[in-house]
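Hello,

Here is the structure I promised to send over. Have a look at it first, and my notes follow below.

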Amino acid sequence: MSTSQIAEPTLPVPPAARRETVELDVTGMSCGSCAARVQRALGGLPGVQEALVNYATGRATVELDPRLAGTEQLLAAVERAGYAAAPAAASAGEQARAFAELER
């Protein structure tokens, strides 16, 4: 038997990480350093894959694995950092996409 006929062992493929986007309205930030502090607090949570905080809009956008983290954990992390947050209201475009999905 040649080495080309020997089957390579197959490694189990991990399930694809789920990804969900959560947007938060963050209040109490007074500068870019505040936004960076909130971003670090969110990014340090287990399950958070990416956190971006925009001081100008007061909005945090968080990509997370919903099996490991949820909105409540995000809100608590922002509060521990010294700021307040609430889930962002859906924009008109987001609402239209949600209605289109429901009609399918």
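Two residues are said to be in contact when heavy atoms of theirs lie within 4.5 Å of each other. Please keep in mind that this is a predicted model.

With that in hand, take Leu24. Setting aside neighbours within four places in sequence, Leu24 is in contact with Gly58, Arg59, Ala60, Thr71, Leu74, Leu75, Val78, Ala85, Ala86, Pro87 and Ala88. Leu24 is also among the residues with the most contacts inside the largest nonpolar core, along with Val26, Met29, Val38, Leu42 and Leu74.

Four strands make up an open, antiparallel sheet in the order S2-S3-S1-S4. S2 and strand S4 (84-87) are the edge strands, each pairing on one side only. On average, neighbouring strands are turned by 25 degrees against each other, direction ignored. S1 and S3 run antiparallel and are joined by six bridges, with Asp25 standing opposite Arg59 in S3.

Both helices meet these strands. H1 packs on the sheet, where it touches S1, S2 and S3, and its direction makes about 165 degrees with that of S2. H2 lies across S1, S2, S3 and S4, at about 30 degrees to S1.

Best wishes

Methods:
Residues are numbered from 1 along each chain as its sequence is written. This is a predicted model: local features need pLDDT of at least 70, side-chain atom pairs count only at pLDDT 80 or more; totals for chains, interfaces and linings use all residues. Side-chain values use heavy atoms; hydrogens and water are left out. A nonpolar core is a set of buried Ala, Val, Leu, Ile, Met, Phe, Trp, Tyr and Cys residues joined through side-chain atoms within 4.5 Å. Buried means under 20% relative accessible area, exposed over 50%, partly exposed in between (1.4 Å probe, protein chains only). Two strands pair if DSSP finds at least two bridges between them. Helices (H or I, at least four residues) and strands (E, at least two) are DSSP runs, numbered from the N terminus. Axes are lines fitted to C-alpha atoms, for helices over the stretch in contact, and angles run from 0 to 180 degrees between N-to-C directions.
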